[in-house]
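Welcome! Let us walk through a protein model together, one part after another. Have a look at the picture first, then read on.

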Amino acid sequence: MIQATPTGVHESGDACIELRRLHRFFGKTKAVNDISFSVARGHVYGYIGPNGAGKTTSMRILATLDLPSYGDAYVDGFSVVNDPELVRGRLGFMPDSFGTYRDVNCQEYLDFFARAYGLIGRQRKQRLDWVLDFTGTQGMAEKPIRGLSKGMKQRLCLGRALIHDPAVMILDEPAAGLDPRARIQLRQMIRELADQGKTVLISSHILTELAEMCDSVGIIEQGKLLATGSVEEIERQQAHTRELVIRILANEDHSEVSVADVLRNRPEVDNLVVDGELIRFAFAGDVQDQAALVAMLVNQGFQVAEVTSRKKSLEDVFLHVTEGLVQ
Ligand SMILES: Nc1ncnc2c1ncn2[C@@H]1O[C@H](COP(=O)(O)OP(=O)(O)OP(=O)(O)O)[C@@H](O)[C@H]1O
């Protein structure tokens, strides 16, 4: 085994994972394009973005399976560029595809990785028992991997990433393809790991899937981090994600189109759609601004019959932050 010479712990407050101006280019593709964020010890960070956003690339760099073009990332204080061996000992990585050990049973599989991490004797046996118990694979210990369901394989893969008791867990779309019960169970396991003090970075395409279990999230698209913070903070940043629907009665003086023209000229109005008597739009204002808008329309002679406002769902926030761009 190559012995790394530690270049020193990188001090960064309580951050247990830190990406600092991380870049990774593949030819002209900017898979990761200047991403920085940090995750505090014992926190779960959701890494959310559409296909091709750059999630796997940045996670592979954190797991020391790839190197950045520029920038650096730190795991438990150690640089993935300068101290990859030290990073590996502190990190458990669950890739988005399961390995190919079809003919070994679960116990043999975990034992193999425990040995690879240098666990010996009683310590190895205790760790193996803990992992089988924690992941609920105890009853499957003697079963060959090829006979496991997708949910059980995911549990085993999580167990493999946990076998050396790492401080940091990097989980690349662990919920993909799981049924609803298995998703809930996975969520509970991840929360439990964080409560035990582990720091978790978990990726998904779907904000709602992660919102409940994450202390904070980052939304990434085309290699750029578009928003980061707690789900509540991101919702607040997207204050104009309130949608207003106004019903205007047609009269001789005004047509619906002219209402639309009036509204379109307002700076707080965006994405306006006319749907018969209904006019829908995103509104960047609070309830006072909303009242002022209605008063202005009434003063201009429009017959405002109905106003409804809807706070956008997390799905809407995600769609608003991203543009659906793929590379
Ligand atoms: N080894 C590689 N060679 C060339 N391009 C690559 C390589 N790895 C990733 N890419 C490109 O980098 C971009 C980001 O890919 P990445 O797999 O990191 O995205 P992702 O967010 O994990 O997507 P998904 O949700 O589909 O897994 C994509 O355009 C992808 O095609």
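**Around the ligand**

Sorted by class, the shell around the ligand holds three nonpolar, nine polar and one charged residues. Here Ala, Val, Leu, Ile, Met, Phe, Trp, Tyr, Cys and Pro count as nonpolar, Asp, Glu, Lys and Arg as charged, and the others, Gly among them, as polar. Of the 13 residues around the ligand, F26, A31, N51, T56 and T57 come nearest; a residue is near a molecule if its C-beta atom, placed from the backbone, lies within 6 Å of it. Which element gives the most to this shell? Helix 1 does, with three residues. Strand 2 and helix 1 each supply at least two residues of the shell.

Before going on, please keep in mind that this is a predicted model: local features need pLDDT of at least 70, side-chain atom pairs count only at pLDDT 80 or more, and totals for chains, interfaces and linings use all residues. Residues are numbered from 1 along each chain as its sequence is written. The pLDDT is the predictor's confidence in each residue, from 0 to 100. Its average over the protein is 87, and 91% of the residues score at least 70. Over residues 1-6, though, pLDDT stays under 50.

Now step back to the overall layout. The protein is divided into domain 1 (15-230) and domain 2 (239-311), with bounds that come from an automatic or database domain assignment. The centres of the two domains, taken over C-alpha atoms, are separated by 46 Å.

Next, find an open sheet of four strands in the order 2-1-4-5, with antiparallel pairing. Strand 2 (29-40) and strand 5 (78-79) stand at the edges with a single partner strand each, so one side of each is left without a neighbour in the sheet. Helices (H or I, at least four residues) and strands (E, at least two) are DSSP runs, numbered from the N terminus, and two strands pair if DSSP finds at least two bridges between them. Strand 1 (residues 15-26) and strand 2 run antiparallel and are joined by nine bridges. For L22, the bridge partner in strand 2 is I35. Helix 1 (residues 55-62) packs on this sheet and touches strand 1, strand 2 and strand 4 (70-75). Contact means that the C-beta atoms of two residues, placed from the backbone, lie within 7 Å.

Five bridges join strand 12 to strand 13 (residues 278-283), and V269 stands opposite F283 in strand 13.

Conventions
Axes are lines fitted to C-alpha atoms, for helices over the stretch in contact, and angles run from 0 to 180 degrees between N-to-C directions.
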